[in-house]
Amino acid sequence: MSLLDLRGLPLRERHRPVFAAFDGLTLGEHLELCDERDLDSLQQLMEAARGGCFEWRPLDAADGEVRVRLSKQMHARMCDACPCACAGARKACEA
């Protein structure tokens, strides 16, 4: 498990390392996200781009922190030869 602390990143750039880290996970692996802001908008971005391929689970956190466990799961239409290890999350893999 790795921790991705988003607190020092500009708002407009916080999604990039999350998507990069998520795409690098293998099925069943997870990472934890930490931020001082609510992560609902990031969850919506993940749902739009990788819907069905992840589990989003809020975790207990200290005051002023938000923590989430993001796990990669098999997509219902996962392709067998996915070159990007996205578990079928990318539209190109769902053809």
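Which residue in E4 is the bridge partner of Leu 31? The legends below take up this question in the second view; the model they describe is predicted.

**View 1. The sheet is open and holds 4 strands.** The strands are arranged in the order E1-E2-E4-E3, and their pairing is mixed. Strand E1 (2-5) and strand E3 (54-59) are the edge strands; each has a single partner strand, so one side of each has no neighbour in the sheet. From one strand to the next, the twist averages 25°.

**View 2. Strand E2 pairs with E1 and with E4.** With E1, strand E2 (residues 30-35) pairs in the parallel sense, over 4 bridges. Within this pairing, Leu 33 in E2 is the bridge partner of Leu 4. E2 and E4 run antiparallel and are joined by 6 bridges. Here the opening question is settled: the bridge partner of Leu 31 is Leu 70 in E4. E2 is also mostly covered, with 5 of its 6 residues buried.

**View 3. Helix H1 lies across E1, E2, E3 and E4.** The helix spans residues 15-24, and strand E4 spans 66-72. H1 runs at about 35° to E4. Together, E1, H1 and E2 make a β-α-β unit, which is right-handed.

**View 4. Helix H2 lies across E2, E3 and E4.** This helix is made of residues 40-50. Relative to E3, H2 runs at about 170°.

**View 5. The largest nonpolar core has 15 residues.** Leu 33, Met 46, Trp 56 and Leu 70 have the most contacts inside this core. At least two residues of the core are supplied by each of H1, E2, H2, E3 and E4. H1 gives the largest share, 3 residues.

**View 6. Leu 33 touches residues from several parts of the chain, among them Leu 4 and Val 66.** Leaving out residues up to four places away in sequence, Leu 33 is in contact with Leu 4, Val 18, Leu 39, Leu 42, Trp 56, Val 66, Arg 67, Val 68 and Leu 70. One of these, Leu 4, is also the residue whose bridge partner in E2 is Leu 33. Two others, Trp 56 and Leu 70, are listed with Leu 33 among the residues that have the most contacts inside the core.

Technical notes:
Residues are numbered from 1 along each chain as its sequence is written. This is a predicted model: local features need pLDDT of at least 70, side-chain atom pairs count only at pLDDT 80 or more; totals for chains, interfaces and linings use all residues. Side-chain values use heavy atoms; hydrogens and water are left out. Two strands pair if DSSP finds at least two bridges between them. Axes are lines fitted to C-alpha atoms, for helices over the stretch in contact, and angles run from 0 to 180 degrees between N-to-C directions. Contact means heavy atoms within 4.5 Å. Buried means under 20% relative accessible area, exposed over 50%, partly exposed in between (1.4 Å probe, protein chains only). A crossover is right-handed if, with the strands pointing away from the viewer, the path from the first strand over the helix to the second runs clockwise. A nonpolar core is a set of buried Ala, Val, Leu, Ile, Met, Phe, Trp, Tyr and Cys residues joined through side-chain atoms within 4.5 Å.
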